[in-house]
Each structure stands twice: as structure tokens, then as C-alpha cells.
Amino acid sequence: MTPEPDYGEKTYQGSGKLTGKRALITGGDSGIGRAVALAFAREGADVMISHLEAEEQDARETCRLIVDAGRSAVALAGDIRDQGHCQTLVERCVAELGGLDILVNNAAYQMSVDGLADISTEQLDRVFKTNVYAMFWLCKAALPHLSRGSSIINTTSIQAYEPSPGLLDYATSKAAILNFTKGLAQELAPRGIRVNAVAPGPIWTPLIPATLPAEKVADFGADTPLGRAGQPAELAPVYVFLASDDSTYITGERIAATGGRPLP
């Protein structure tokens, strides 16, 4: 990508907010997932990331950043559209890191089209299985291993509130994530397990040039009040906050990071 996204390698300073925690982050090879993995590690957490087989090189780089922070790193390639793989991710995390305290459902798929008529059933299936089904499967697999003080953080989007016609399937999936977050938070609150969501606006990640038309990539984020796209490093502290004891009285909530575009 030109310019390269800022993952916080030179700027993020940890302060022990997640010391001793074990985290599983989907889509941790790049974008927001990599920035969160780096921040979690610098805050004292051991981290496992999931990624597609095609992203092996990026995953290795994320693991290097985690290890450089002095923490354990585990990466597992595979497709979270497969329920069995989601179960395996949780099992491997528990086996190799010794447990699971934080689950970040971050991996997502989108593909811009002209409108509803161009959304094939195959694309709809891919979007919902990646963005929604996997979240259900991973949360269900993780629950037996989570305890009081654990945290689930889901990545929704400004698209849940301001759906673009060219991303109708993606936007719908992100609205589902928001609803799921609110509902699961109520179920798990008595167990002391918090469930929250982050709603990014335009963030400069590999998903953007890979899935949007070139003319939209050129001025991506320019329509925000801040006049630019956000960087993954600017999102990571939000996930740290929701994963840490700084947010022990917050559950079922959504934190927006939209460059100033107001959400309801």
C-alpha cells in the first residue's frame, strides 16, 4: 500500500494494562487487527492471530512485532467461514497460550459493487459467513473458556449506520454485528464477561485498495470532518480500553472512531 498504514510500531507505548491476558484476534495479519495485536502485546498480553493462507507473510510480520514486545505469538492460517476452523482456533489458543481472556472478532470481507442487482448469492454468502457466522461460531466456542473479567470485542462499522449502496451486503452484516453485540452483552453480564463493539469510519487498511474502485481509494476519508482516513494505530487504543480494566462498567456499547462523522 502507498502510503503504508501506520500500525503503531514507532508510537504505541504500553503500560501493562493487559498483563497476563491471552487474546485471540481474527484478521490479525494486517490492518486494524495487526495494530490491535501489537498494542495488546505491548500492554502485556500473549496473542494468537488468525489469517488466510494467502496472508502468511503478513502474519509472520505481525508475530514478529508481538515477539519483539516480549510476548508469545501464535498464528493459524485458515478460513473462518468454516465452523470447524473457528473451533480449532479457540482450542489452539487455549492449548498454546494457556487460556483465553479476550476475543476480538475483527476479520471481515467486503467487495464494492454498483448496487443490489450485482450482489451475487456467492458474494452474500462470503460476506455473511466471514463477518457474521464466524462471530457466532467463535463466541460460542470461546464461552466455555471465558471467565469473569473476560472481554469480547466485535468490529462493526460506520456502514451499520450510513450504508453505502455499493456495500449493501457488507453494511447489513455490520448492522447485524452491532445487534449481536448488544444482545450477547445482556446474556453474559451476569457472568462478568463484557461484550462491546468498535465502529470505525474510513480507516486506511489493505481492505480498501483491494475492494474499492480506484477513484474512491484516491480520496478515501476526505469527506470526514478531519479530512482524512484514520490509521490502524489510531484504533488500537480503543480496543485496549475495551479489553482492559479501564472499562469494567461498560458492556453492550459501541465506540465510534469515524474522523468526526456523528453516529446516532
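**Before you start**

The model is predicted: local features need pLDDT of at least 70, side-chain atom pairs count only at pLDDT 80 or more, and totals for chains, interfaces and linings use all residues. Residues are numbered from 1 along each chain as its sequence is written, and side-chain values use heavy atoms, with hydrogens and water left out.

**Stop 1: the whole chain**

Show the chain as a cartoon. Look for 8 helices and 7 strands. Helices (H or I, at least four residues) and strands (E, at least two) are DSSP runs, numbered from the N terminus. The chain is as compact as a globular protein of its length, because its radius of gyration is 17 Å, close to the 18 Å that the globule rule gives for 264 residues. That radius is taken over C-alpha atoms, and the rule is 2.2 Å times the number of residues to the power 0.38.

Now switch to the C-alpha trace. Along its principal axes it spans about 45 × 40 × 35 Å. Of the 264 residues, 53% are buried. Buried means under 20% relative accessible area, exposed over 50%, and partly exposed in between (1.4 Å probe, protein chains only).

Think about contacts next (heavy atoms within 4.5 Å). Among contacts with a separation of 6 or more, 77% join residues 24 or more positions apart.

**Stop 2: V47**

Select V47, in strand β2 (residues 46-51). Is V47 buried or exposed? V47 is buried, at 0% relative accessibility. Beyond four places in sequence, its contacts include A23, I25, F40, I66, V74 and L97. Then draw a line from V47 to P163. The two are 116 residues apart along the chain, and their C-alpha atoms are separated by 33 Å.

**Stop 3: A75**

Go to A75, in strand β3 (residues 73-77). A75 is partly exposed, at 29% relative accessibility. Leaving aside neighbours within four places in sequence, A75 is in contact with I49, H51, C63 and R92. A75 and D223 are 36 Å apart, C-alpha to C-alpha, and 148 residues apart in sequence.

**Stop 4: Q110**

Select Q110. Look in the loop between β4 (102-105) and α4 (121-142). Q110 is buried, with a relative accessible area of 4%. Show what Q110 touches beyond four places in sequence: L167, Y170, L207, I208, T211 and L212.

**Stop 5: S151**

Move on to S151, in strand β5 (residues 151-155). Its relative accessible area is 0%, so S151 counts as buried. Which backbone oxygen lies 3.1 Å from a polar atom of the S151 side chain? That oxygen belongs to L242. Such a polar contact is a pair of N or O atoms within 3.5 Å; within protein, one must be able to donate a hydrogen and the other to accept it, and residues adjacent in sequence count only if both atoms are side-chain atoms. Beyond four places in sequence, S151 also contacts residues including D101, I102, L103 and R194.

**Stop 6: T156**

Finish at T156, in the loop between β5 and α5 (168-188). T156 is buried, at 1% relative accessibility. Its side chain reaches the backbone oxygen of K174 at 2.8 Å. K174 is also among the contacts of T156 beyond four places in sequence, along with I177, L178, P200 and R254.
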